[in-house]
Amino acid sequence: MRGAQRPESGPFCRVAAMMRREIADSVTLEPDDVRILRALQIDPRVGFATVATVLGLSESTVARRYRRMRRAGAIRVIGVVNPGALGQSRWMVRPRCRPGSATAIAEALAQRDDVGWVALSAAGSEVTFAVRSRSQEQRDDLLGRRLPRTAAVLDLQASVMLRQFVGGRGHYWAALTGTLTPEEESALGSGDSPFTERPVVRNQPSQIGAHDEKLLAALAADGRAGLVDLAAAADLTPGRASRRLHALLASGVVDIDVEVAPMALGHRARANLWMRVHPGRIKAVGRAMAQMPEVGFAAAVSGPHNLHAVVQCRDLDELFEFTTDRVGSLSGVEGMEVSPVLRQVKQAGTRVDGDRLTDPSIDCGRR
């Protein structure tokens, strides 16, 4: 399976990666770190000077704490393309693999730009991943040819996403509610959840050009890249780069996603929930789950399980209490498969190394 190129390797990169891993092992988020995370949730591209003014910190303190969290692999801000805005559907896929082969398949899938949220579950014999291919040909090549022909894949379940209730920038939104005062949130932005329930595939897809593609690639590397850097990457003037960025964000072609390592917030138990919900109650259940702090993603999907959710809890006991007392008691829930994640290989657009998010520019010693 072809995908994105790996960052350059070499002794320097390996030493740098070891240093970053040591930092990640010892990092502890302090209250001001979490407040900065919340500020970025509200406006991922907000200037450090604005955050400093609102939070009562110095600009250098905000910048230093952000860079420390990024180096430690606790946070990464990236641009994620929404294929639905380009007229393409999204899929949740669960290949069941031969013993000992799932890790290699998961690693190969994680290399692809059109694959996100790669996780190993079922004691390492099952892979769960999301497909967000930007063309039907790209998707058909993966799901119709490459995976089915892989000898290690025993069977394959693929569900198309029908309606998304929470996810993207809404990830961890409810979990950090109350971190800032209402006045602080208002000063940074609306304070409302950035995800609005909407159809997955747009009837009138947006059209993007060559300059837009370069902008999207730059945002995928760093969602907080400045206009001068974005303009240089896209061969545009800063003014035109600003206008194209605004258009891409307003049309929903790209979302600026604040990715957070679950361990940074003390969440050690992540699980996929595959739920059977009465058809007349799917909307109600999906909307109820979107308000739960533990739920980072929830969507109605096709197949025998018609609602899929990703949840994060502090431990397995909390996961048990959450799924039985809160999710299981929702009217309309008829059955549920709880599939704990053994290892997260990739989040929306970032590889995961142990408990930390990887950043190629940092891991190879670049700023």
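The dialogue below reads several features of the structure shown above.

Biologist: Before we start, what kind of model is this, and how are its residues numbered?

Modeller: This is a predicted model, in which local features need pLDDT of at least 70 and side-chain atom pairs count only at pLDDT 80 or more, while totals for chains, interfaces and linings use all residues. Residues are numbered from 1 along each chain as its sequence is written, and side-chain values use heavy atoms, with hydrogens and water left out.

Biologist: Which strands pair with strand 5, and in what sense?

Modeller: Helices (H or I, at least four residues) and strands (E, at least two) are DSSP runs numbered from the N terminus, and two strands pair if DSSP finds at least two bridges between them. Strand 5 (residues 153-166) is antiparallel to strand 2 (residues 91-97), with seven bridges between them, and Met92 has Ser159 as its bridge partner in strand 5. Four bridges link strand 5 to strand 9 (residues 295-301), again in the antiparallel sense, and there Arg163 is opposite Ala300. Strand 6 (residues 198-199) also runs antiparallel to strand 5, joined to it by two bridges, with Gln164 opposite Arg198.

Biologist: What is a nonpolar core, and which residues touch the most other members of the largest one?

Modeller: In soluble globular proteins, nonpolar side chains tend to be buried together. A nonpolar core is a set of buried Ala, Val, Leu, Ile, Met, Phe, Trp, Tyr and Cys residues joined through side-chain atoms within 4.5 Å, where buried means under 20% relative accessible area, exposed over 50% and partly exposed in between (1.4 Å probe, protein chains only). The largest core here has 44 residues, of which Leu29, Leu37, Leu40, Met69, Ile75, Leu188 and Leu230 touch the most other members. Elements giving two or more residues to this core include helix 2 (31-42), helix 4 (59-71) and strand 1 (75-81), and helix 2 provides the largest share, six residues.

Biologist: With which residues is Leu29 in contact?

Modeller: Contact means heavy atoms within 4.5 Å. Apart from neighbours within four places in sequence, Leu29 is in contact with Val34, Leu37, Met69, Ala74, Ala264 and Leu265. A second, separate core of 23 residues includes Phe165, Ala271, Ala298 and Val333.

Biologist: Where does Ala122 lie, and what is its phi?

Modeller: Most residues other than glycine have a negative phi. Ala122, however, has a positive phi near 50° and lies in the loop between strand 3 (115-121) and strand 4 (126-131), where Ala122 is partly exposed at a relative accessible area of 40%.

Biologist: And is Asp235 buried or exposed?

Modeller: Asp235 is exposed, with a relative accessible area of 52%; this residue has a positive phi of about 60° and is found in the loop between helix 9 (227-234) and helix 10 (238-250).
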